[in-house]
Amino acid sequence: MRDTRFQKLAAQLAEYSTALRPGDRVLLELTDIPEEMGVALIREVRAAGALPFLRLNQTRLNREMLSGAVEEQYEAIARHRMAEMEDMDAYIEIRGGGNAFEFSSVPQKNMATAMKALNPVSQRRIRHTRWCGLRWPSEGMAQQAAMSTEEFEDFYFHTCLMNYGALRPAMKRLAEMMEAADQIRITGPDTEIAFSIKGLNAIPCAGECNLPDGEVFTAPVIDSANGHISFNVPSLFQGIPFDSIRLTLEDGLIVHAEAGDKTAQLNAILDTDSGARRLGEFAFGVNPAITKPMRNILFDEKISGSFHLTPGQAYHVADNGNQSRIHWDMVCIQTEEAGGGDIYLDNELVRHNGLFTSPELAILNPIHS
């Protein structure tokens, strides 16, 4: 039986997110998703007059490849994928898979080898294609979100298919406020940190590069962050679950990092390269329909009333000069239920306990508030 939401999602990806045009070459990278969704996506790409190119993956096979990764092998893989990416105008990735921790036992050195080789391919995709990435709902994701499978699927399609155009004016206004500011200060439980964003672009994300979407991001001036910060949203990175991450920064450098019994693994990742201990992104989460953590970053970084700070690579559209093979969004919710907190732009309070203080930004506040 066909699910009509598959076609609607495929249309959202082809018509809105990547705005396909006749003659576009589109790489579809699909991992562990229903064939019906792949068929719907191929048909929507063709309906736009574009040309679909298909790459299929399986999570367990990817894990096995990474478990034995060697430099020569992944340099060859990267050359092939770069040649493919250079021929593309657009890119759509949908990743499924039942076990979010599938890569947790891959040796860190193997993961680093693969990331080092493949990072230029990712940068080519980000800088030179119209792209969108999303996860596919699974029983495992529903379990992590503490929802029934049906409830989570309904939530997933609701957030992916919502009217992002209605949020764009407020997101654009928030971006203008950020671009006019010099300093950001964040306070909250075990958090007191400040940094500059002067001269850096602020980018509203309203359904183009991710689904679900809903963030406005920039980057800290690379040597400006000072203070400490505690993240209250569980994080999953390179297949490893982290809880209660706490960072201390001096002149933009993470000088201390802890995460309970995962502290050694946290620091190993932050030692990936010289840019991994500096910040490449700051963002407000502003999707009013996403209000609680799901241990899935494509949802969690969009939580209304949250922000995230990101050790690692900066995006080229808000480039503070930091380069790294990692990009790790760490999320903190500041709603009253989560412990509260404030964010200031140049000493003006713009969000208190997860709620924007300006009426023109109220549409970005959590729906339940």
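**Close-ups of a predicted model**

**View 1. The overall build of the chain.** Here we have 10 helices and 19 strands in the protein chain. The C-alpha trace spans about 50 × 45 × 40 Å along its principal axes. The radius of gyration is 20 Å, which agrees with the value near 21 Å that a compact globule of 369 residues would have.

**View 2. Inside the fold.** Of the 369 residues in the protein chain, 55% count as buried. Now for the contacts with a separation of 6 or more: 72% of them come from residues 24 or more positions apart.

**View 3. Thr-18 in its loop.** Thr-18 is found in the loop that runs between helix 1 (4-17) and strand 1 (25-31). Is Thr-18 buried or exposed? Thr-18 counts as buried because its relative accessibility is 1%, and the cut-off for buried is under 20%.

View 4. Which residues does Thr-18 touch, once its neighbours within four places in sequence are left aside? Leu-13 is one of them. Tyr-91 and Ile-92 are also in contact with Thr-18, and Arg-130, Trp-131 and Cys-132 complete the list.

Definitions and conventions
Residues numbered from 1 in each chain as written. Predicted model: local features only at pLDDT ≥ 70, side-chain atom pairs only at ≥ 80, totals over all residues. Heavy atoms only, no water. Helix = DSSP H or I, 4+ residues; strand = E, 2+ residues; numbered from the N terminus. Buried < 20%, exposed > 50% of the residue type's maximum accessible area, 1.4 Å probe, protein only. Contact = heavy atoms within 4.5 Å. Rg over C-alpha atoms; globule rule 2.2 N^0.38 Å.
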